[in-house]
Amino acid sequence: MTPNDSTTAQRRGELRAPTADRSRWLALAIVMTAAFMDLVDVTIVNIAIPSIQRSAGASVSQIQWITAGYALAFAAGLITGGRLGDIHGRKRLFLIGVGGFTLASALCGFAVNPEMLVASRILQGGMAALMVPQVLSIVHATFPAHERGKVFGLFGAIVGLGAVSGPLLGALLTEWNLFGLEWRPIFLINLPVGVLAWLLGRRFISESKAPRALKLDLVGVALVTLGLLMLLYPLTRGRELGWPLWGYMCMAGALAVFAALVSYEKRKAARDGSPLIELSLFRVKSFAAGIAVQTVFGVALGIFFLVWTLYMQIGLGWSPLRAGLTGVPFSIAVSTAAGLSVQQLVPRFGRKVLQAGALVMGAGVLLYLWEARHYGLAIASWQMALPLVVMGAGMGLIVAPLTDAVLSEVPREHAGSASGLINTVQQMGNALGLGLVSVVFFGQIGDRLTRAQVGPAFVHAFQHALWWVAGIMAAIFLLMSALPKRPAQHVEGGAEEAPAAEKEPALAH
């Protein structure tokens, strides 16, 4: 090569590098938008439940399935969705998931009866199970280790924003009653966002697969789906059906199914190296410990957010808009703390940041408990601001670095499987929390209450549920002692990884 050729090639590289860099940050914005859309959709429905029940004539059972059907389909399909991305391409599965999620949202918005709404929500959850695992997988495959801390900080901020902006957005859309559509815009708002994410995703997201040719483990898919349904279905329907004996037998049977799954996956890995769940991931200490924390944390969030919504709207008699606006300080605190934790605190203090987050969030719960008891039915939104800010700060210190810690030592070829597991256990934790709401909240409320008794009963039940959340945060603090003192990528500092072409041959544009 002549000097002139060398200079020309160098200039071309300099021109391509900023473009590639810009493309991957655009790709990050696109997958984060999809993740935000899913997070909002999980929470946006709760605030609109009274409107759906009133205008659609939905029964209590149907209302329960509008929320639980999404969670069941989502949890049951997440591991499979992650593995399909590893096999067929994460970009391809992401686009299929976004397209399907958008279509399902349209079906929800135009549902002509409660039965169609329930079926559309189940479809929406299944499509989310294809879309969501690809988000972390694409991040893991696109960004080098020394940049992932910053990326996961952004992801944590999005998680915090989505968790509380969902109810606020749902409240606004329900209160405005756009075009006389009442609750329907909470689903229809996904249409322009989904179409834009699909179009931009086709152009800017790079395709990536696992470096080895994998096959879909259909027996593993069947066992995972069966086990999760046997565990989650009785939890979501138990209270409504009076906690029948078959429900307990079903949950016990789920343990046997999971044991059979582990045994089969071991044999599958030894036979052809293509199991649905990479059990070897659990030998990575950071992954195993992080999965345990994710599960228990999901239980706490599952209890708190549903109980909190019921407490404000039914117990205190607040409008959906007032209830949604009350959560704004929480959302701001989560987003702010999530950004600070990964970018500034974790590199200096490591695991102690997550443990501090558990203690801070627990302190916020106890402060909220004291205020709810002290002020009773007379409590005002501004009086809730302080405990919500403390709780939000604690949650923000946990959510972003926890994802970082779980994935930091995971091999790239198993990114999809690991991402699916992270999301699955989080959804399982949420479903367990929702199931426990029947015990820790509704179990404290009588069946036949007069209008005057409803408020005091809900306030008392809210206080009882907060004791449970505080106890769970204490358990999380103890579990976090098993996490690595510092995530691997921060130990590495700014060390460069091997080029993507060497580490992951299947990575292609």
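Biologist: How do the axes of α10 and α14 cross, and within what distance do they come?
Modeller: In this predicted model, the axes of helix α10 (residues 285-315) and helix α14 (residues 381-407) come within 11 Å and cross at roughly 155°, where axes are lines fitted to C-alpha atoms, for helices over the stretch in contact, and angles run from 0 to 180 degrees between N-to-C directions. Helices here are DSSP runs of H or I with at least four residues, numbered from the N terminus. The two are therefore roughly antiparallel to each other, a label for angles over 145 degrees.

Biologist: Which residues of α10 and α14 make the contact?
Modeller: Among them are F287, I291, F297 and W308 of α10 and M384, L388, M395 and L402 of α14, with contact meaning heavy atoms within 4.5 Å. By class, the contact has 18 nonpolar, four polar and no charged residues, counting Ala, Val, Leu, Ile, Met, Phe, Trp, Tyr, Cys and Pro as nonpolar, Asp, Glu, Lys and Arg as charged, and the others, Gly among them, as polar.

Biologist: And α12 with α13, what is the crossing angle there?
Modeller: The axes of α12 (residues 328-349) and α13 (residues 351-375) cross at roughly 115° and come within 6 Å, which makes α12 roughly perpendicular to α13, the term for 65 to 115 degrees. S341, L345, V346 and F349 of α12 meet R351, K352 and V353 of α13, and these residues divide into four nonpolar, one polar and two charged.

Biologist: Switching topic, where is E182, and what is its phi?
Modeller: E182 sits in the loop between α5 (145-176) and α6 (185-188) and has a positive phi of about 55° although it is not a glycine. At 31% relative accessibility, E182 counts as partly exposed, that is, between buried (under 20% relative accessible area) and exposed (over 50%), with a 1.4 Å probe and protein chains only.

Biologist: Where is confidence lowest in the protein?
Modeller: Confidence is lowest in helix α18 (residues 500-503), at a mean pLDDT of 35, and highest in helix α3 (residues 90-109), at 94, pLDDT being the predictor's confidence in each residue, from 0 to 100. Over residues 489-509 the pLDDT is below 50, and this stretch has 46 contacts in the model beyond near neighbours in sequence. Where pLDDT is low, the predicted coordinates should not be read in detail.

Biologist: What conventions apply?
Modeller: Residues are numbered from 1 along each chain as its sequence is written, and side-chain values use heavy atoms, leaving out hydrogens and water. Local features need pLDDT of at least 70, side-chain atom pairs count only at pLDDT 80 or more, and totals for chains, interfaces and linings use all residues.

Notes. Angles under 35 degrees count as roughly parallel, over 145 as roughly antiparallel, 65 to 115 as roughly perpendicular and the rest as oblique.
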